[in-house]
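This report describes selected local features of one protein model. Please consult the sequence and the structure shown here while reading.

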Amino acid sequence: MHSSSSKRNYSRDDKSMDMYDVYDYDDPEDFYYDHVDEFDDIQDAEDYWEENR
């Protein structure tokens, strides 16, 4: 078992360095509105959400 500082343990393998905690969101729209300043538009946020879940 290896540990990493400030990284959550997920039930699935975390294949990416997810800095937005996509696992905390069940809906990409909620994810987008919480991180609206980080993405160009909702489609950009949805793509990120899909790729990192």
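The model is predicted: local features need pLDDT of at least 70 and side-chain atom pairs count only at pLDDT 80 or more, while totals for chains, interfaces and linings use all residues. Residues are numbered from 1 along each chain as its sequence is written, and side-chain values use heavy atoms, with hydrogens and water left out.

Helix α2 covers residues 42–51; helices (H or I, at least four residues) are DSSP runs, numbered from the N terminus. Its buried residues are A45, Y48 and W49. Seen down the axis of α2, these buried residues fall within an arc of 100 degrees, so they line one face of the helix; the arc is that of the directions from the helix axis to the C-beta atoms. On the face turned away from the buried side, α2 carries the exposed residues E50 and E51. E51 counts as exposed because its relative accessibility is 56%.

E50 and E51 also belong to a surface patch of negative charge, together with D40, D41, D44 and D47. Such a patch is made of residues with over 30% relative accessible area and no salt bridge, like charges being joined within 9 Å. A salt bridge is a side-chain nitrogen of Lys or Arg within 4 Å of a carboxyl oxygen of Asp or Glu. Asp and Glu count as negative, and the place of the charge is taken as CG of Asp or CD of Glu.

| Residue | Relative accessibility | Class |
|---|---|---|
| D21 | 26% | partly exposed |
| D24 | 45% | partly exposed |
| D26 | 72% | exposed |

D21 is not a glycine, yet has a positive phi of about 55 degrees. Most residues other than glycine have a negative phi. For D24, the C-alpha atom is separated by 9.9 Å from that of R53, 29 residues apart along the chain. D26 and W49 are 23 residues apart in sequence, with a C-alpha to C-alpha distance of 9.7 Å; W49 is one of the buried residues of α2.

Note on methods: Patch = residues over 30% accessible without salt bridge, like charges linked within 9 Å, V, L, I, M, F, W, Y side chains within 5 Å. Areas by Shrake-Rupley, 256 points an atom, 1.4 Å probe, with all protein chains shown as cover. Helix = DSSP H or I, 4+ residues; strand = E, 2+ residues; numbered from the N terminus. Buried < 20%, exposed > 50% of the residue type's maximum accessible area, 1.4 Å probe, protein only.
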